[in-house]
Amino acid sequence: MGKLYQDRPAVSVIIPCYNVESYIDRCLASITVQTIGMENLELICVDDASADGTWNRLLLWEQLYPEQVILIRQEVNRRQGAARNLGLQYASADWVSFVDADDWLETDYFERLLGPTFQFDCDVVCCKYGRDASESLTYYDKSYRQGNGEERYLVADTEEVTKLLIRSRILGEGAPTKLIRRKFLLDFGILFPENLMYEDMYWYTLLHVYAGGVYIIEEKLYHYFLNPRSTVLSKEENYHIDWVTMQARKYSDYNRRGIWERYRDELEYDALYNASGFLKLIALRYDEPPFSFFQLERELIRKWVPDYRSNPYAEDFPMIELCGVFLEALYSPMDKAGFLQMMKDARDYYTGRRR
């Protein structure tokens with residue numbers, strides 16, 4: 001393809017790395033064969049105080065691509081949000097992309113995502129992903145990769161369009177699968193919370209609130225690795241309560257930014273969706289889900305949304321898996337015995353669906 005910009009890379013790829021010795025080679029290999037060419041990429045790998053051989057693997061890649069690979073090593077683990085924020089400070093390209101170190105990309109990932117930016121005024125370009133349990137570097141066949149819908153460009157030039165973006169979560173709920181204008185993130189202060197899990201939950205809503213132009217690609221171009229050792233899949237861990245902490249931070253930040261009243265119905269809808277998601281999380285991650293976690297969530301969501309039934313989108317909740325059941329429980333008296341029975345029923349429902 002040749003160099004797109006003479007004075008800078010086209011895309012800064014930010015990759016947080018924590019104990020990914022077994023996976024980082026696959027991730028980086030999928031980037032070095034991108035059709036856009038390595039000369040157009042800047043790889044910023046942030047080792048978040050790994051305790052395995054991750055750093056040594058990264059040093060080998062730096063030797064192979066000294067002009068494209070930037071390595072940063074943190075002495076103390078500060079979670080993925082801090083690693084991404086640090087990588088953003090080092091980024092020099094107009095566009096940034098966040099890639100998780102155990103995931104990998106289709107060979108034309110960056111070419112496809114960068115393409116619309118030459119034709120449309122975009123803040124974010126987004127594609128779809130596929131869940132992939134492969135332990136090797138494999139690629140999708142054409143039929144699986146192909147999306148069902150048409151590519152589309154949306155301009156948030158009215159509040160109604162922004163409200164639709166927020167409620168639809170059209171850009172997804174995670175940092176990967178996107179190409180984002182760096183200036184857009186910096187201008188609106190869209191950074192990740194640090195030293196906490198579930199940082200994406202805070203971050204993705206702000207993309208939908210502030211994005212002026214978004215382009216949606218329906219193809220699956222990103223491989224989301226079903227890592228059995230993933231922190232979000234770990235069981236009996238106290239850090240899952242970070243989900244509630246993150247929701248509280250969102251509420252505080254919305255008021256600070258002055259967007260809570262402006263988009264109250266849509267942000268309430270998002271808050272209720274997240275509250276339901278937390279109950280699903282603890283149903284699946286604990287043999288005996290903590291009743292205290294449920295009580296904290298109930299207190300928070302009732303403060304945030306005193307009556308969920310008054311939300312104009314409330315009729316959607318019964319159609320989202322067990323969302324209606326969970327919300328009814330959060331807004332009704334429920335003792336520990338009732339909570340544990342609900343959690344057992346929920347676990348049976350979700351595990352039964354996987355068979």
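The entries below follow a pair of helices and then a loop residue.

Entry 1. I noted that this is a predicted model, in which local features need pLDDT of at least 70 and side-chain atom pairs count only at pLDDT 80 or more, while totals for chains, interfaces and linings use all residues. Residues are numbered from 1 along each chain as its sequence is written, and side-chain values use heavy atoms, with hydrogens and water left out.

Entry 2. I looked up helices α8 (residues 199-210) and α9 (residues 242-257), which pack at an angle of about 30° with their axes 8 Å apart; helices here are DSSP runs of H or I with at least four residues, numbered from the N terminus, and axes are lines fitted to C-alpha atoms over the stretch in contact. The two helices are therefore roughly parallel, a term for angles under 35 degrees.

Entry 3. I checked which residues meet, contact being heavy atoms within 4.5 Å, and found Tyr202 and Leu206 among those of α8, and Trp243 and Met246 among those of α9. The residues of this contact divide into eight nonpolar, two polar and five charged.

Entry 4. I listed buried residues of α9, including Val244, Lys250 and Tyr254, where buried means under 20% relative accessible area. The buried residues of α9 pack against α8, α10 (264-285) and α11 (291-304).

Entry 5. I found Ser310 in the loop between α11 and α12 (323-330), and Ser310 is exposed because its relative accessible area is 53%, exposed meaning over 50%.

Key
Axes fitted to C-alpha atoms, helices over the stretch in contact; angles between N-to-C directions. Parallel < 35°, antiparallel > 145°, perpendicular 65-115°, else oblique. Nonpolar A, V, L, I, M, F, W, Y, C, P; charged D, E, K, R; others polar. Buried < 20%, exposed > 50% of the residue type's maximum accessible area, 1.4 Å probe, protein only.
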